[in-house]
Amino acid sequence: MSSLREEIEILKKEKQAVILAHYYVPGEVQEIADYTGDSFYLSKVAKETDAKILVFAGVSFMGESAKILNPEKKVLLPDPTADCAMAHMADVEKIKAMKESDPELAVVCYINSTAELKRYSDVCVTSANAVKVVKALPNQRIYFIPDQHLGSFVAAQVPEKEIILGDGYCPVHHQMTAEEVLSAKEAHPDALVFVHPECPKEVVDLADYAGSTSGIIKAAAESDAGEFLIGTETGVMYELKKQNPDKKFYPIQKEQCCHDMKKVTLEKIRDCLRDESNEVQVDAEVSEKAKHAMEQMLKLAK
Ligand code: 13P
Ligand code: SF4
């Protein structure tokens with residue numbers, strides 16, 4: 001009986017499939033992936049791949065985004081119930097009302113959002129490119145959805161624009177506090193603090209570096225420091241430790257787990273690839289409009 005990993009390798013070849021994995025899925029899934037990265041990198045891979053089937057080891061908005069960017073491909077989600085709570089934290093009626101009240105307003109939508117929200121947005125962003133994209137937009141007034149914290153991180157770096165914040169948040173990052181950072185620093189006084197911009201402002205303000213998952217991984221590899229306090233989902237530890245076996249990484253607190261990302265397992269990858277099940281479907285009209293917002297991002301983030 002061959003191992004799960006072997007079965008997956010055989011199926012991948014047979015079906016001309018590739019596995020894309022986000023840094024938050026379990027380490028053994030990252031290990032077998034053809035591409036592992038942050039949301040921006042994975043979007044570019046999804047758009048450019050020649051593979052026939054894409055297995056997206058991540059949450060549902062990621063699979064949806066891959067399908068929108070490359071609708072000819074079959075995109076499979078190992079667990080279609082793996083969802084991002086923040087992806088639903090904005091309201092189409094509110095977007096429409098905001099646009100009606102100011103036709104010059106640009107709606108900037110974090111990629112962690114449903115296709116329906118992207119459909120009504122002018123441009124998408126990821127945490128890796130949000131500052132660059134917002135700066136590059138010709139619009140002076142921006143409605144930033146859904147993440148209030150990434151929105152305020154961008155607003156601090158683009159003070160020349162008026163940024164109206166949505167009220168969404170990531171439950172994993174939102175609950176981190178300044179007190180927890182300070183007590184983690186007391187326990188590890190030599191460690192640098194690296195956080196994701198989905199954390200609240202008071203946490204970002206205490207950090208030595210704030211950026212996307214791949215930004216954190218790159219900054220840790222380039223740093224001379226030997227210890228780091230990490231303020232993002234603990235799945236990044238897999239790549240951090242792999243690239244820096246001699247450095248030490250500690251989570252800021254114990255609750256930094258995205259349980260939806262952890263739903264993605266090797267068994268579910270094997271099953272969806274074998275059965276070609278859990279195919280992502282996006283309504284053609286929604287997809288066409290959402291694609292425009294995503295392609296604007298790829299253009300402006302270059
Ligand atoms: P990145 O794009 O930085 O990988 O972040 C995605 C995400 O879901 C953060 O919670
Ligand atoms: Fe969504 Fe937060 Fe999970 Fe990222 S960590 S996928 S923002 S719930």
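**View 1. Strand S7 and its two parallel neighbours.** Strand S5 (residues 106–110) runs parallel to S7, and four bridges join the two; strands here are DSSP runs of E with at least two residues, helices are runs of H or I with at least four, both numbered from the N terminus, and strands pair if DSSP finds at least two bridges between them. Ala106 has Ile142 in S7 as its bridge partner. S8 (residues 162–165) also pairs with S7 in the parallel sense, again over four bridges. Here Arg141 has Glu162 in S8 as its bridge partner. This is a predicted model: local features need pLDDT of at least 70 and side-chain atom pairs pLDDT 80 or more, while totals for chains, interfaces and linings use all residues. Residues are numbered from 1 along each chain as its sequence is written, with chains lettered from A and ligands numbered from 1 in the order in which they are written.

View 2. Four of the five residues of S7 (residues 141–145) are buried, so the strand is largely enclosed by the rest of the structure; buried takes 20 or more other C-beta atoms within 10 Å of a residue's own, with C-beta atoms placed from the backbone. Together with helix H8 (residues 148–157) and S8, S7 makes a right-handed β-α-β unit. Right-handed says that, with the strands pointing away from the viewer, the path from the first strand over the helix to the second runs clockwise.

**View 3. Where domain 1 meets domain 2.** The domain assignment, automatic or from a database, gives domain 1 (4–84 + 261–282), domain 2 (86–171 + 286–300) and domain 3 (176–251). Across this contact, 14 residues of domain 1 touch 16 of domain 2, counting C-beta atoms, placed from the backbone, within 7 Å. On the domain 1 side, helices H3 (39–48) and H4 (60–69) each supply at least two residues, and H4 gives the largest share, five residues. That side divides into seven nonpolar, three polar and four charged residues; Ala, Val, Leu, Ile, Met, Phe, Trp, Tyr, Cys and Pro count as nonpolar, Asp, Glu, Lys and Arg as charged, and the others, Gly among them, as polar.

**View 4. The shell around ligand 1.** Residues around ligand 1 include Tyr23, Asp38, Asn112, Cys170, His196 and Glu198, where a C-beta atom, placed from the backbone, must lie within 6 Å of the molecule. By class, three are nonpolar, seven polar and two charged.

View 5. Domain 1 and domain 2 both give residues to the shell around ligand 2, so the ligand lies between them. The shell has 13 residues, the closest being Cys84, Met86, Cys170, Val172 and Cys258. Nine are nonpolar, one polar and three charged.

Note on methods
Contact = placed C-beta atoms within 7 Å. Buried ≥ 20, exposed ≤ 12 C-beta atoms within 10 Å, placed from the backbone.
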